[in-house]
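Here are my notes on this model, written as numbered points. Keep the structure open beside them and find each place as you read.

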Amino acid sequence: MTASTTSTPNTEYVPWREFLGAGYNAPLLLVCLGVWLHAADSLVVATMLPAIVAEIGGAAYVSWTVSIYEIGSIVAGAASALLTLRYGLRVPMAGAAFCFAAGCALSALSGSMGLVLVGRSLQGLGGGGLTALSFIAIGVLFPRRHAARTLAVVSAFWGVSAFLGPLLGGLFVEYANWRWGFAFFAVQALGLGLWIALRPAPATADTGSGSPGGFPFFRLAVLCAAVILISSGGVRVELLRSSLLILAGMACLWWFLWRDARAGAARLLPAAPMNPRQATGATLLMLLCISMATIGLLAYGPLLMTLIHGVSALTAGYIVAASSIGWTLTAVAVSGSPERRDRLWIGLGMGMTTLSVAGFAYAIPHGPLWLIALFSAIEGGGFGLAWTFILRRVTALVPAEEAARVSGAIPTVQRMGYALGAAYVGIVVNASGFLEMTGPADAAHVARVLFLSSLPLALIGLAAMAGLLRRHPHDERLQMSSPAAPS
C-alpha cells in the first residue's frame, strides 16, 4: 500500500476497572448474546451431528451443514452494513434473531437432511447477521478507545459459549433428543428478537443515512452458486461429473471477484482483494486460506473421533471446543498489547494455527485424545493471538476511505473460506472412502488424508501473511509513539 490513514496511533491503555464501570453494560450484553447464539449453536450442531446422521441419514451431506450455514452468513454479513445504513441496528438485529429462531425450529422438525439444510441456511442468515451486526454495534455503541477491551469480552463470552455448547449438545443427545437442541436455541433466539424489538435502542443505534445504495443480489447469488457447485462435486465423486461441477464453481467464484471489482462504490470487497503484494489483499488471502484449512476439525472432527476412538459425542464436542477456549484465553491475555507489537502476535498466531493443522494429521488418526485437544487449543489460541491485531493493523495501513470496507470484508472473507473449505474437505473425504468406511482403520485413513490435504492451504495463507507484516511507514510512527502504560 502506498497510502494509509494518518491518524495518530492509539497507545493509551484502558484498565479493566475503567472499562467495566463506564456504563456500557446493556450494549455489551446485547453484543454478547448475539455472539452466544452463533458460537454455541455451531458447536451444538457439530456435537449432535453423529446422532442426526444416525436417525435421518444424509452422511454424504455432512459438509453441507457447514457450507449452507456459511453461505447464509456470507449473505447476511454483506447485507448487514447496507441494512444498518437504512434502518439502524435495532430492526436488522431483531430480524436476524427471528430468522435464526425460524431456522432452528425447522431443523428441529425435520425428517430428512434436506430440511435440516434448509433450516441451517436460515440459521446462517440469522446467526451471521447477529454476529456481523454485533461487530458493527461495537463501533457504533462504544468509544474507540474501548474497542479492544470490548473484543476481549466478546472473546471471553465466545469461550463460555464454546464450553457450554458441546455440553448442551451432548446432554441433548445422551438424555433427550437432538431435536430438543435446536428447539432450545429457537426459544432463546425468539426471546432475544422480542427483547431487541420491544426495548427502545439508543439514538446512535437507530440512525441511518437512508441511502445505502442497491443491494448486490446478483453478485451474492453468483457467490452462493460457486459454493453450491463446488459442494455438489463432492457428494458423489465421479471424475467427469465432479470435475465439471468444480470447474463451474470456480468459474462462478472468478466471475464474482471480477464483477465485484468493477462495482465501484457498491463493491463488497476492497480493491485487489487477493493481491498478496498489498496489505489488504495479503490479509484477505491469508484469512481465506487459513479458514479453508481449519474447517475440517469442525465439519468432520467429532464424527471421525467417535468412529476412531469410540468417544462419546460430548467428549468429541469438548475436544473441538478446546479451539474456542484457546482463542478466548489468548485473546483476553493480549488484549492490552500496544500496537507496536501487532506484527509479532499476528506472525506467532498464524504460525500456531498452521502447526495445528499438521498436528491433526497425526493426532486424530492415532491419538491420544489429550493430544488432539492440545492441537485444538493451539489452533484456536493462534487465532486468538492474531485476530484483534489483524484488524487493527490492516485498517491502519489502508486509505481512510477503505477502512470500513476492509473491516466488513474480513468476516465475510472468513466465512467464504469456511464455506469453500467445507466444500473442499467434503470432496476430499468422500473421495478417500468416507461413505464406504467399515471400521476405525478406514476412518483413520480418511482423517489423515483430510488434514494432510488441508495443510497446503494453511501454508499458502502463511506465505500471504508476509504482505501484511512487511515494514511500513506506519511502523516508524509507532516506534516514535510512547509505549502503553503498564498495569
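This is a predicted model: local features need pLDDT of at least 70, side-chain atom pairs count only at pLDDT 80 or more; totals for chains, interfaces and linings use all residues.

1. α11 bends by about 30° at Ala321. The helix covers residues 313-334, which is 22 residues. From its first C-alpha to its last, α11 reaches 32 Å. That is close to the 32 Å expected at 1.5 Å a residue.

2. What follows α12? Gly367 does, and its phi is positive, near 75°. Now look at the bond from Gly367 to Pro368. This peptide bond is cis, with omega near -5°. Pro368 sits in the loop between α12 and α13.

3. Step back to the whole chain. It holds 17 helices and zero strands. Of its 487 residues, 56% are buried. Then take the contacts between residues at least 6 apart in sequence: 84% of these join residues at least 24 apart.

4. Next, a helix pair: α10 (residues 279-309) and α13 (residues 369-397). Their axes lie 12 Å apart, and the two helices pack at an angle of about 160°. α10 is therefore roughly antiparallel to α13, since an angle over 145 degrees counts as such. The crossing of this pair is left-handed.

5. Which residues of α10 and α13 meet? On the α10 side they include Ala279, Thr283, Met286, Leu287, Ile290 and Leu297. On the α13 side they include Leu369, Ile372, Phe383, Trp387, Ile390 and Val394. Try to pick out these side chains in the view.

6. Is Thr283 buried or exposed? Its relative accessible area is 1%, so Thr283 is buried, the cut-off being under 20%. Leaving aside neighbours within four places in sequence, Thr283 is in contact with Ile390, Val394 and Leu468. Ile390 and Val394 are among the α13 residues that meet α10.

7. Move on to Leu457, in helix α15 (residues 440-464). Leu457 counts as buried because its relative accessibility is 14%. Compare chain and space here. Leu457 and Thr294 are 163 residues apart along the chain, yet their C-alpha atoms are separated by 9.1 Å. Thr294 is one of the α10 residues that meet α13.

8. Ala108 is placed in helix α4. With a relative accessible area of 10%, Ala108 is buried. Which residues does Ala108 contact, leaving aside neighbours within four places in sequence? They are Arg179, Phe182 and Ala183. Ala108 and Phe185 are 77 residues apart along the chain, and their C-alpha atoms are separated by 10.0 Å.

9. Last, Arg259, in helix α9 (residues 239-261). Its relative accessibility is 36%, so Arg259 counts as partly exposed. Arg259 touches Phe218 and Arg219, not counting residues up to four places away in sequence. In sequence, Arg259 and Phe218 are 41 residues apart. In space, they are 10.0 Å apart, C-alpha to C-alpha.

10. Find the bend at Ala321 in α11. Find the cis bond from Gly367 to Pro368.

Conventions:
Residues are numbered from 1 along each chain as its sequence is written. Side-chain values use heavy atoms; hydrogens and water are left out. Helices (H or I, at least four residues) and strands (E, at least two) are DSSP runs, numbered from the N terminus. Buried means under 20% relative accessible area, exposed over 50%, partly exposed in between (1.4 Å probe, protein chains only). Contact means heavy atoms within 4.5 Å. The expected span of a helix is 1.5 Å times one less than its number of residues. The bend at a residue is the angle between axes fitted to the seven residues ending there and the seven starting there. Axes are lines fitted to C-alpha atoms, for helices over the stretch in contact, and angles run from 0 to 180 degrees between N-to-C directions. Angles under 35 degrees count as roughly parallel, over 145 as roughly antiparallel, 65 to 115 as roughly perpendicular and the rest as oblique. A crossing is left-handed if the near helix is turned anticlockwise from the far one by less than a right angle, and right-handed if clockwise.
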